[in-house]
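Please examine the sequence and the structure shown below. The paragraphs that follow lead through selected parts of the structure in turn.

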Amino acid sequence: MAKRIRAEVRNAVHRRIRRKVRGTTARPRLAVYRSLNHIYAQVIDDEKAQTIAAASTTEKSLEATTGGNIDAAKLVGKTIAERALAAGVDRVVFDRGGYLYHGRVRALTDAARAAGLNKDEVVETEAVNAEAASPEVSGAAEAEAKPKRSKARKAKEATVKEEK
């Protein structure tokens, strides 16, 4: 089996994503890069090849004690949204940069949405969260009504009855 290097795999995933994701003047690309110690975000117009806004945990003005945690990612997400809105951008295309949409990357985008980027997506995620919460309540009532038995236990009980 071939040796897989994590950075090369991420770069391959990023190239596949970039084939589809393009930032336009109307809807620029929000690109995320994370290292072990810091997280960076840029709003990029690919048509003009121009960075509209940028934020990272390396900036002194953000006052992040460390850049390698979710709290710092939320701070960067809020900051990039404020700077993008100040530049006149309210809708973006998200580019996760080959990283999984989890942890710091998700925290950054959720904070950016909460701060005002892509307002319609915030409504959609709240609706999904509300739908996910309601089945749990009904599922708990069903669990109290009748306990479920495993197939193995049912089969064992059936063989015991046949032997008698």
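Which side chain of opposite charge is nearest to R10, and how many Å away is it? The model under discussion is predicted, and R10 is located in its helix α1, residues 6-20. The nearest side chain of opposite charge is that of D95, 7.8 Å away. A salt bridge requires the nitrogen and the carboxyl oxygen to be within 4 Å; R10, although buried, has no salt bridge. A polar atom of the R10 side chain does, however, lie 2.5 Å from the backbone oxygen of G97. Leaving aside residues up to four places away in sequence, R10 touches Y33, G97, G98 and Y99.

D95 itself takes part in another pairing. Its salt bridge is with R29, and the closest N and O atoms are 3.0 Å apart. Because R29 belongs to strand β1 and D95 to strand β4 (residues 93-95), this pair ties together parts that are 66 residues apart in sequence. R29 counts as buried because its relative accessibility is 7%, and D95 counts as buried at 1%.

R29 also forms a salt bridge with D46, where the closest N and O atoms are again 3.0 Å apart. This pair links distant parts of the chain, 17 residues apart: D46 is in the loop between β2 and β3, whereas R29 is in strand β1 (residues 29-34). D46 has a relative accessible area of 22% and is therefore partly exposed.

The strands on either side of that loop may be considered next. Strand β2 (residues 39-45) and β3 run antiparallel and are joined by six bridges. Within this pairing, A41 stands opposite A55 in β3. The two strands form a hairpin with four residues between them, and A49 in the turn has a positive phi of about 55°. Q50 is part of strand β3, residues 50-56, and counts as partly exposed because its relative accessibility is 43%. Apart from residues up to four places away in sequence, Q50 touches V43, I44 and D45.

Helix α3 (residues 104-114) provides a further example. Eight of its eleven residues are buried, so the helix is largely enclosed by the rest of the structure. Among the buried residues are V105, L108 and R113. R113 forms a salt bridge with D110, with the closest N and O atoms 3.4 Å apart. Because R113 and D110 are three residues apart in helix α3, about one helical turn separates them. R113 counts as buried at 16% relative accessibility, while D110 counts as partly exposed at 34%. Elsewhere, salt bridges that share partners join R29, D46 and D95 into one network.

Technical notes
Residues numbered from 1 in each chain as written. Predicted model: local features only at pLDDT ≥ 70, side-chain atom pairs only at ≥ 80, totals over all residues. Heavy atoms only, no water. Buried < 20%, exposed > 50% of the residue type's maximum accessible area, 1.4 Å probe, protein only. Contact = heavy atoms within 4.5 Å. Lys, Arg positive; Asp, Glu negative; His and termini not counted. Polar contact = N/O pair within 3.5 Å; in protein donor to acceptor, adjacent residues only side chain to side chain. Pairing = 2+ DSSP bridges.
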